[in-house]
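Please keep the sequence and the model in view while reading.

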Amino acid sequence: MAKIIVLLDLERPPCQNPGCDRLAGLLRSALSPGELVVKPAVGLLPPWAGDRPDLLVVRSPSVAGWERWAESDASDARGWEAVPTLGILCGPVRALPESLLARLDDFLCCPPREVDLALRVRRLLGPPRTPEPWPAGSRSGLEALIGESPAFLRVIDRIPLLAGADAAVMITGETGTGKELVARALHYRSPRRGRPFVPLNCGAMPETLVENELFGHVRGAFTDAASNEAGLLAEADGGTLFLDEVDALGAAAQVKLLRFLQTWEYRPLGSPRTRRADLRVIAATNADLPGLVAERRFRQDLFYRLDVLRLHLPPLRERPGDVALLARRFVERYAARHGRPHLHLSPLSLARLSQHAWPGNVRELEAVVQRAVLLSPGPVLRPEDLDLPAGGSVSGATAAGGSLRQMRDRAVELAERTCLIGALAANGGNVSRAARSVGKERRAFQRLMRKHAIERAAFL
């Protein structure tokens, strides 16, 4: 039976922020087609007279709308008091009354990210659960993390162990490898999953604002401080604080963060009182933090506080076979979003994607596929529809370093892989014909396919 969601706008017009203005579409994509029915409504008392909904999503662009909502008993009057409620906070979040937050089962700040919205909708629509052990190799709860290569599965298999250990985690890896997705998986598989996941991109925050963003301030702390504002530590209390690009923190911010991690106490700007926060810290970086410590550009004691547990994400070029898997998934996602449900990649396009080095990793692959879905004229994405930069082949990426023997071995592996992909693509995935076309026996050809993690199904 389809789940019913009432999308309630407390005011008209609703929020016009890019991303938030397509909230209804994001809700529909949170579950598989046919599993959700989204009903729009306006005002404190929804006029919709259907059955009791399974989820109420409430949104308002102003504090006044939220204050009226917090003071009303509209949901109780409809007999909806037990309906899970998700708030979309489009205004100044820290000015909202505590009575409002007490009425929400969860909330997201505007504009909501698709992955955040999907995770919360699935959690609120599902039955209450308690943390359970994962079987080895299980992918349950990690739908956003896609891959089948051994290097990637080793990361997946460590997530349940790290999620259950309530200690700081350092996630390392190149840009675009999915560090924030892994951080969210750690949070939503942990005992803290019922509390907020609060991300902060340290590289996007001026150093002069980091302290205020983390700790908040009281009224009168500085010229523009017209009211009390809680910081991210207060927002993440009971949950998880994710520090992305933690290497970008300045020296002063590092000292203050270290002090908090030592005592779990902090003081908002201008406040004489010390406060406490119970949260888990997950940090991520694409930099060489030990090298920065050796150069005295990152505090050694802070590094040890953050690097209790460690998880390294492999780059996409070290995940053979995952490029085709990810590319097909991205085609499905964006084709459905843009009304082109029958669009698919040709075998030669998959071969070309597999030969690219992907310096931007999964993020670059997603952008290339999305662009092709938007601009391709026909139902099949051909190689010429893929806007890939010149000089981005695997050979160009790997030939720059290493001994002559290593370079020769890599060149041989690349030649083998390219030959296999080309033969399978030219013969529609027929292994026997592909083997004959390159002068190989079928068994030897299949051994090479297993060596390079090439799946026949990708070329059918």
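Which residues form one aromatic cluster? The cluster is made up of Phe215, Phe260, Trp264 and Tyr266. The model is predicted, so local features need pLDDT of at least 70 and side-chain atom pairs count only at pLDDT 80 or more, whereas totals for chains, interfaces and linings use all residues. Residues are numbered from 1 along each chain as its sequence is written, and side-chain values use heavy atoms, with hydrogens and water left out.

**Overall composition**

- The secondary structure of the protein consists of 19 helices and 16 strands; helices (H or I, at least four residues) and strands (E, at least two) are DSSP runs, numbered from the N terminus.
- The protein has 460 residues, of which 46% count as buried; buried means under 20% relative accessible area, exposed over 50%, and partly exposed in between (1.4 Å probe, protein chains only).
- Among contacts in the protein with a separation of 6 or more, 72% join residues 24 or more positions apart; contact means heavy atoms within 4.5 Å.

**Aromatic pairs**

- Rings of Phe, Tyr and Trp (its six-membered ring) pair if their centres lie within 6.5 Å, and planes under 30 degrees apart count as stacked, over 60 as edge-to-face and the rest as tilted.
- By this rule there are 5 aromatic pairs.
- Phenylalanine 260 and tryptophan 264 form an edge-to-face pair, because their ring centres are 5.2 Å apart and their planes stand at 85°.
- Phenylalanine 260 also pairs edge-to-face with tyrosine 266, because the centres are 6.2 Å apart and the planes are at 75°.
- Phenylalanine 260 counts as buried at 1% relative accessibility, and tyrosine 266 is buried with a relative accessible area of 7%, whereas tryptophan 264 counts as partly exposed at 29%.

**Helix 7**

- Helix 7 (residues 179–188) is mostly covered, with 8 of its 10 residues buried.
- The buried residues of helix 7 are Lys179, Val182, Ala183, Arg184, Ala185, Leu186, His187 and Tyr188.

**Packing of helices 13 and 14**

- Helix 13 (residues 322–337) packs against helix 14 (residues 347–354) at an angle of about 125°, and their axes are 9 Å apart.
- Axes are lines fitted to C-alpha atoms, for helices over the stretch in contact, and angles run from 0 to 180 degrees between N-to-C directions.
- Helix 13 and helix 14 are therefore oblique to each other; angles under 35 degrees count as roughly parallel, over 145 as roughly antiparallel, 65 to 115 as roughly perpendicular and the rest as oblique.
- Helix 13 contributes Val323, Ala324, Ala327 and Arg328 to the contact, and helix 14 contributes Leu350, Leu353 and Ser354.
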